[in-house]
Amino acid sequence: MNNINSNDTIEEIPPPPDPPEPDECCGSGCTRCVYDLYEIQLERYNQMKEKIIEKNKSILKQQQQQNQKVKTDNENHIVESLNSINIKDNNIKKEEEEDNDEDNDDIKIEYLGDDNIAAREYKGFICEKLRYGRITSSSRRLTSSDSPEQVYHMEIETNEPIEYEPGDYINILCPQDSTTVDKLIKKLKLKDNQIITIKQQQQQQQHQHQQQNNINNNKSLSSTLSLPSIISIKDLFTWVLNISFVPPQFFLNQMSNFCNDKNDKEKLLYLSSRAGTPLYNETVVQHHIGFPTLWNKFKSFQPTMEFLILNIPSQSMRQYSLANSPLNQSQDNIAHITFKLVVKNKSNNNNNNNSNINYGQCTYWMYRLIDSLDNNNNNNNNNNNNHNNLIIPFEINHSQHFKLPDDLSVPLILISTGTGLAPFRAFLQHRCHLIKVNGDKHIDHQKLGQCLLFFGCRRKDWDLLYHDELLEFEKDRTITKLFISYSKPVEPALTESSKGRRYINYHIEENGELIYNLVTKKRGVIYICGSSEGIGKSSIQSILNIIKRYNKLQNNNNNNNNNNNNNNNNNNTSSSNSNNINVEDEKTILNQWKENGQLKMDIYN
């Protein structure tokens, strides 16, 4: 807590966290929804705001008291001033003690000695609500070595069956970077194998109890992990606390309370103020500057363990679509995922120095697991320690909306780019198995609904994911028609046709009449999976264009049929009315498709 004296100025309350934009939530019931994150940030902000308000009240009160004590006599004034300083110093100590007591009231930490029974029996962090699997040798890179993007196929195997359906998700818990964890522990002057117990007070427990109720209602693990009662320092910062998070402004304000250096304190207070918001956005936000980096910058920052545990957000699960059907294999204990190695920012230097690249935390960890597996296989290394390092904590999150129809006669229109193909691979495996189980009766009687797959990638020789499988699905009629789009120009020798280089939107709108008729006349369902800024926006615009064109044609045809039974005067009136098709009409129809379950989207940022 800052020292309070009569010369202190009223502290400005930093701006609150921004609420999510209306289009940021996909409405998919994600485990870690943007609104959940906002509520957590807002709760922490309000706690910080109350402390600033109380501090400002104390400053005002002391300033008023000081003004009343000013005397005209210089000697008396000096004596009174000295007394006042002593009094204020005592008040500071009391308020600091009260503030520390307040923090300690939220949480109690006990450091266990080596001779403690509980410390000796500690076997490492295990979350009972999670499953633990190991990656198999079938995990591999899908894109070519010269592709600018790295996409991987990972298979996770467990000892017991995994219950899931196509369209479900797998939530993965990844560890924090070990080097970063070690540096943080060193700054705290603690041992990584130090065992601690964490006791939360009633208010904190009630908050977690409410979170647990939400977990039970959603039948899924919380977006954040609960604090364990006993854990090692290393495991705490590796598995439980998200130490790499990008601190919001109000957290910087709290950091200033633990800085001994005046310059560090002033810089943090400025960054957390409204006046410092532009600089905060240009530096911390734009460059994804995490908490460890900020700690290195502000070297006088010396927090307590209580502060870190209470204010650093808990680890969040990373969500990925399952890329396989449980019906496709005799082994029901394997889950497939498809992921892209995320690159957040990269140096402009034209060299191969990976130290200048900032990768996504979870995808980089999974990439390293696959790389380690390849190295072990190449070296014929069967070391158990290496095998244990390939363990992945996870849980299955059942989708509530992105599901296949039960009826095989319902037409499917699948639209995706990149790793958005993952759930459709599961769909197609599932559909293929059901077709085989039901025999040829659906095909003979033409009851099997059409299945169109529109897939967009950059180049055939770069990132045409699962190409052989897609061709096989088309061959056995699991897919009625496969449309592959390439967005980047390729060498003539690699070009199948001039149409192959067009964007995915071209193929969607080129087949607009078929899509429109499948939805309106055959109860067809459109599925879209991919990034919100990419295929999420562009495909919706293409569908709106399709509705605008073919709904208008349908209305014109209906009017022409009616006009054959009317006189010429009525014909002119109905013809003019048929042209009154506007954007609102298209959006209304689109929303009707959504409400009817005929347009389903699984998009991500």
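The chain exposes about 32,600 Å², of which carbon and sulfur atoms supply 43%, with areas taken from the Shrake-Rupley method and a 1.4 Å probe, and only the protein chains shown counting as cover for residues. This is a predicted model, in which local features need pLDDT of at least 70 and side-chain atom pairs count only at pLDDT 80 or more, while totals for chains, interfaces and linings use all residues. Residues are numbered from 1 along each chain as its sequence is written, and side-chain values use heavy atoms, with hydrogens and water left out.

**Overall fold**
- The chain has 22 helices and 17 strands, these being DSSP runs numbered from the N terminus (helices H or I, at least four residues; strands E, at least two).
- Of the 605 residues, 45% count as buried (under 20% relative accessible area, with exposed meaning over 50% and partly exposed in between; 1.4 Å probe, protein chains only).
- Among contacts (heavy atoms within 4.5 Å) between residues at least 6 apart in sequence, 78% join residues at least 24 apart.

**Helix 19**
- In helix 19, which spans residues 512–522, the buried residues are G512, I515, Y516, L518 and V519; they lie on the same side of the helix because they cover an arc of only 160° around its axis, judged by the directions from the helix axis to the C-beta atoms.
- K521 and K522 are exposed on the other side of helix 19, and the helix is followed by R523, whose phi is positive, near 60°.

**Cysteines**
- The structure holds 0 disulfides (pairs of cysteine sulfur atoms within 2.5 Å); for C174, the nearest cysteine sulfur is that of C362, 4.0 Å away.
- C174 counts as buried because its relative accessibility is 0%, and C457 counts as buried at 7%.
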